Amino acid sequence: GPLKPEITITYIAVSAIFFNSGLSLKTEELTSALMHVKLHLFVQIFTLVFFPTAIWVFLQLLSITPINEWLLKGLQTVGCMPPPVSSAVILTKAVGGNEAAAIFNSAFGSFLGIVITPLLLLLFLGSSSSVPFTSIFSQLFMTVVVPLIIGQIVRRYIKDWLERKKPPFGAISSCVLLMIIYTTFCDTFANPNIDLDKFSLIIIVFIIFSVQMSFMFLTFLFSTRNNSTFTPADTVAIIFCSTHKSLTLGIPMLKIVFAGYEHLSLISVPLLIYHPAQILLGSLLVPTIKSWMVSRQKALKLTRQPKAPVKV
């Protein structure tokens, strides 16, 4: 159509989002969060190792059900995706958690995802033997890494203006992301060969919400156990960064890795559902998580206060 998504979405829109992220991310916050190695390891291992492996095991059980096999493969692609740059950070900030750690892990996860996600997709789903690795990595590098770096460089020169004017970076990214979602939905459901039955779609939606709830609870348990050194604010960042998946990076990556794939439209559906579901679920849980964090921080302050000497 007139939007020319093969150009505007694949190159311009994705590059715009990451340039926008580069402009908005505070370099000093990223560098201050850099030293929290244990938290970063937890988030990245959970996101890029545990998550896709657990989904693969789960899908072995679901493969005997009548659920559409290409939607199940789409669930596996969700598991292989890196954390998003936007939603995890926004929700962590809304709760009052460790925003710097969320920003760092979202950005760092996107960098890792450029290399690891295509490898995971090919490992779990396979593709033709002639997968153009050089093309995949060069395109992702040009549309993700380069705009992010340029954004950080430009930020250094207009930092004072940005601090003074505070441009609506979140709204800009949301509008571009909405354009990506719209064109992807159109591309998916305009395909005359798409075979999407209502039963499979309903079950996939239920599974997606169940997986999100289960993994959020799991990360909460791991990060709050007795021998954990994470603060309540760290736990908030861990919950959102470990369980959220990037649509911004995911859709272009699927289109590159599985270009010309007959069932690409069906494979994309679970990721298109997962993104709004994670924002909806996260938004609903913000008050509950915030209440827990505040009460936990108060309890920790009380336990650290020196006890007053008892007068005889």
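**Aromatic cluster, nonpolar cores and a surface patch**

Ring pairs join F42, F46, F50, F51, F215, F222 and F230 into a cluster. Rings of Phe, Tyr and Trp (its six-membered ring) pair if their centres lie within 6.5 Å; planes under 30 degrees apart are stacked, over 60 edge-to-face, and the rest tilted. The model is predicted: local features need pLDDT of at least 70, side-chain atom pairs count only at pLDDT 80 or more, and totals for chains, interfaces and linings use all residues. Residues are numbered from 1 along each chain as its sequence is written, and side-chain values use heavy atoms, with hydrogens and water left out.

The structure holds 9 aromatic pairs. The ring centres of F42 and F230 are 5.9 Å apart and their planes meet at 75 degrees, so this pair is edge-to-face. It links distant parts of the chain. F42 is in helix 3, whereas F230 is in the loop between helix 9 and helix 10 (232–243), 188 residues apart. Helices are DSSP runs (H or I, at least four residues), numbered from the N terminus. Both F42 and F230 are buried. Here, buried means under 20% relative accessible area, exposed over 50%, and partly exposed in between (1.4 Å probe, protein chains only).

F51 and F215 form another edge-to-face pair, at 4.6 Å centre to centre and 85 degrees between the planes. This pair also links distant parts of the chain: F51 in helix 3 and F215 in helix 9, 164 residues apart. F51 counts as buried because its relative accessibility is 1%. F215 counts as buried at 11%.

K38 lies over the face of F230, 5.4 Å from the ring centre. For such a contact, NZ of Lys or CZ of Arg must be within 6 Å of the ring centre and within 35 degrees of the ring normal. The charged end of K73 sits over the ring of W70, 5.4 Å from its centre.

The largest nonpolar core has 47 residues. A core is a set of buried Ala, Val, Leu, Ile, Met, Phe, Trp, Tyr and Cys residues joined through side-chain atoms within 4.5 Å. L121 and I204 have the most contacts inside the largest core. Helix 12 gives the most to this core, with 9 residues. Apart from it lies another core, of 24 residues, including F42, L91, I239 and M293.

V37 is placed in helix 3 (residues 37–62). At 46% relative accessibility, V37 counts as partly exposed.

Notes:
Helix = DSSP H or I, 4+ residues; strand = E, 2+ residues; numbered from the N terminus.
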